[in-house]
Amino acid sequence: MTEPVTNPDNETGADLSDRLTLTSVGQTYGSGDDQVVALSPMDLTIDPGEFVCLVGPSGCGKTTLLQIIAGFLEPTEGTVMIGGRHIRGPAPERGVVFQAPTLYPWLSVQHNVEFGLKARGMPKAERAQKATEMLETVGLGGFGSRRPYELSGGMQQRAQIARVLVNDPRVILMDEPYGALDPLTRERLQVELLNLWRRERKTIIFVTHSVEEAVFLSTRVLVMCARPGRVTIDRRIELPGDSPDGVRSPDVIATPELQNIKVELAEAIYNAHS
Ligand SMILES: Nc1ncnc2c1ncn2[C@@H]1O[C@H](COP(=O)(O)OP(=O)(O)O)[C@@H](O)[C@H]1O
Ligand SMILES: [Mg+2]
């Protein structure tokens with residue numbers, strides 16, 4: 001067992017009925033000589049309203065951990081709970097945004113966003129209104145009738161985020177969502193995501209390769225290492241100008257405070273591999 005990674009204080013002051021608790025969660029793929037310990041058994045607690053970034057090299061188990069929380073993958077060991085309930089499969093309360101947009105190409109953007117609401121039996125007029133509002137929120141007002149292929153990569157990512165948010169999830173899981181975007185679009189979407197997180201007070205778990213992106217976005221960074229996959233650092237992030245209602249500006253990226261944390265984490269990742 002690795003050291004427990006927990007958040008003993010409920011610093012967000014949020015409703016703990018949505019607390020995410022992983023107890024001795026481990027994942028082993030394959031068997032015999034092909035066996036891979038993707039996640040060594042770990043404990044992890046994430047409170048409502050936290051913005052947690054997972055960073056680490058390829059193969060350290062980031063996607064595996066996200067898939068377990070999403071309910072796509074049942075871990076080979078341990079239990080995952082949200083509030084007092086076991087996670088036993090995917091649910092709209094846990095929305096997932098992937099790196100490659102997974103919009104349905106044969107549906108309009110509007111119908112992509114309505115999809116989950118329709119599946120849950122929401123009446124047509126109501127779901128149309130909700131989807132329209134959500135497209136406005138993510139800056140895609142007026143694009144509802146387009147097909148996904150008519151949108152740029154950044155707009156497709158916004159549409160994916162709208163499709164997840166419209167279900168009003170408690171937890172948003174994002175797996176390298178901005179990895180394929182150009183730097184300007186990426187920065188714009190980072191700031192939009194921070195705005196949204198401040199406004200909606202969701203829990204966000206965000207996987208990225210970029211230590212800088214992780215520090216800029218999050219209230220907490222978990223650094224992971226491979227062979228076996230595990231969390232090696234659990235670091236709270238506080239940056240100049242942070243306030244409960246404020247949104248970080250990209251200007252904070254140049255501050256010594258952010259850069260020092262970035263160096264600290266990057267060195268830890270490097271040392272773990274040398
Ligand atoms: N379905 C699978 N079957 C076998 N091995 C897998 C599977 N998914 C992931 N792995 C292995 O588990 C480890 C962790 O993978 P992953 O969670 O995708 O890491 P990351 O997202 O950090 O790159 C890697 O060694 C990967 O090859
Ligand atoms: Mg991955």
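Two strands pair if DSSP finds at least two bridges between them. Helices (H or I, at least four residues) and strands (E, at least two) are DSSP runs, numbered from the N terminus. The structure described here is a predicted model, in which local features need pLDDT of at least 70 and side-chain atom pairs count only at pLDDT 80 or more, while totals for chains, interfaces and linings use all residues. Residues are numbered from 1 along each chain as its sequence is written, and chains are lettered from A and ligands numbered from 1 in the order in which they are written.

**Strand β8 and its partners**

Asp175 stands opposite Val207 in β8. The chain crosses from β7 through helix α5 (residues 183-200) to β8 in a right-handed β-α-β crossover; right-handed means that, with the strands pointing away from the viewer, the path from the first strand over the helix to the second runs clockwise. Val55 is the residue opposite Thr208 of β8. The two pairings of β8 are listed below.

| Strand | Partner | Sense | Bridges |
|---|---|---|---|
| β3 (residues 51-55) | β8 | parallel | five |
| β7 (residues 171-175) | β8 | parallel | five |

How many residues of β8 (residues 203-208) are buried? Six of its six residues are. A residue is buried if 20 or more other C-beta atoms lie within 10 Å of its own, exposed if 12 or fewer, and partly exposed in between, with C-beta atoms placed from the backbone. In a regular strand the side chains alternate between the two faces of the sheet. In β8, Thr203, Ile205 and Val207 point one way and Ile204, Phe206 and Thr208 the other way, and all are buried.

**Helix α4**

Helix α4 (residues 153-165) has 13 residues and spans 18 Å from its first C-alpha to its last, close to the expected 18 Å. The expected span is 1.5 Å times one less than the number of residues. Of the 13 residues in α4, 10 are buried, among them Ile161, Val164 and Leu165. The cover over these buried residues includes β6 (94-97), α2 (109-119), α3 (124-137), β7 and α5.

Val25 is found in strand β1 and counts as buried because it has 22 C-beta neighbours inside 10 Å. Leaving aside neighbours within four places in sequence, Val25 is in contact (C-beta atoms, placed from the backbone, within 7 Å) with residues including Leu39, Ile68 and Val80. Ser24 also lies in β1 (residues 20-29). Ser24 has a positive phi of about 50° although it is not a glycine, and it is partly exposed, with 13 other C-beta atoms within 10 Å.

Arg227 likewise has a positive phi of about 50° without being a glycine. Arg227 sits in the loop between β9 and β10 and is partly exposed, with 13 other C-beta atoms within 10 Å. A cis peptide bond, with omega about -10°, joins Arg227 to Pro228. Pro228 lies in the loop between β9 (220-225) and β10 (230-236).

**Around ligand 1**

Which residues come nearest to ligand 1? Of the 13 around it, they are Tyr29, Ala38, Lys62, Thr63 and Thr64; a residue is near a molecule if its C-beta atom, placed from the backbone, lies within 6 Å of it. The elements giving two or more residues to this shell are β2 (36-46) and α1 (62-70). The largest share, three residues, comes from α1.

Definitions and conventions: Contact = placed C-beta atoms within 7 Å.
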